[in-house]
Amino acid sequence: MCSPGFSCDSALQVTYIVRGSVRVQVVGVDGKRVLETHIKAGCLFIVLRFFVVSKIGNPDGMKWFSIITTPNPMFTHLAGRTSAWKALSPQVLQAAFNVSPDVEKQFSSNRIAEEIFFPPPN
C-alpha cells in the first residue's frame with residue numbers, strides 16, 4: 001500500500017500499471033471520493049492536482065511508474081518523511097481518531113520515514 005498523497009502544485013500525475021493489479025482510491029478537493037476501482041497491468045489513470053490518491057496492490061504485488069506534468073513537482077504524503085501528520089500535535093491526532101496516547105505514539109512512530117506502508121516481500 002502506498003501512502004495517500006497529492007500534488008501541491010499544478011502537476012497532473014499519470015500512473016501506468018506495469019505488473020499486477022491495484023485498487024485505486026481518489027478523493028477530490030472537497031473530501032469526497034471520486035474514484036474507487038481496480039486497475040490491471042497495461043492500464044493507466046490520471047490524478048488531477050490537489051486530488052489525493054492511494055494505491056493498494058493485489059496480494060501478488062504490483063509495479064507502477066508515474067509521469068508528472070511539471071519539471072519540479074511538489075508532492076506530499078500522509079505518511080513518510082514529508083507527512084502531513086507531522087504538522088499535527090499528538091493531542092489533535094488522539095482526538096481526531098479517538099485513540100489513546102499509546103496508540104497515537106505507535107501510529108506516528110511507524111510512519112516517520114516510509115511512504116510505502118506494506119512493502120512487497122523479498
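**Entry 1: a word to start with**
A residue counts as partly exposed when its relative accessible area falls between the buried range, under 20%, and the exposed range, over 50%. I looked up E36 with this in hand: its relative accessible area is 39%, so E36 is partly exposed. I also note here that the model is predicted.

**Entry 2: salt bridges**
How many salt bridges are there? I found a count of two. One joins E36 to R23, where the closest N and O atoms are 3.4 Å apart. I then checked where these partners sit: R23 belongs to strand β2 and E36 to strand β3 (residues 33-40), so this pair ties together parts that are 13 residues apart in sequence.

Next I turned to R33. Its side chain meets that of E36 in a salt bridge, at 2.5 Å from N to O. Taken together, R23, R33 and E36 are linked in a network of salt bridges.

For R33 I read a relative accessible area of 54%, and that makes R33 exposed, because the exposed class begins over 50%.

**Entry 3: aromatic rings**
I kept in mind that a pair of aromatic rings is described by the distance of the centres and the angle of the planes. My search of the whole structure turned up one aromatic pair. Its rings belong to Y16 and F65; their centres are 5.6 Å apart and their planes stand at 45°, so I wrote the pair down as tilted. An angle under 30 degrees would have counted as stacked, and one over 60 as edge-to-face.

Which parts of the chain does this pair tie together? Y16 is in strand β2 (residues 13-27) and F65 is in strand β5 (residues 52-68), so the parts joined are 49 residues apart in sequence.

**Entry 4: a nonpolar patch**
Last, I looked at the surface for nonpolar side chains. L12, L44, I46 and L48 form a nonpolar patch there, and together they have about 350 Å² of accessible area. I located L48 in the loop between β4 (44-47) and β5. Its relative accessible area is 44%, so L48 is partly exposed.

Key. Residues numbered from 1 in each chain as written. Predicted model: local features only at pLDDT ≥ 70, side-chain atom pairs only at ≥ 80, totals over all residues. Heavy atoms only, no water. Phe/Tyr/Trp six-rings, centres within 6.5 Å; stacked < 30°, edge-to-face > 60°. Helix = DSSP H or I, 4+ residues; strand = E, 2+ residues; numbered from the N terminus. Patch = residues over 30% accessible without salt bridge, like charges linked within 9 Å, V, L, I, M, F, W, Y side chains within 5 Å. Areas by Shrake-Rupley, 256 points an atom, 1.4 Å probe, with all protein chains shown as cover. Salt bridge = Lys/Arg side-chain N within 4 Å of Asp/Glu carboxyl O. Buried < 20%, exposed > 50% of the residue type's maximum accessible area, 1.4 Å probe, protein only.
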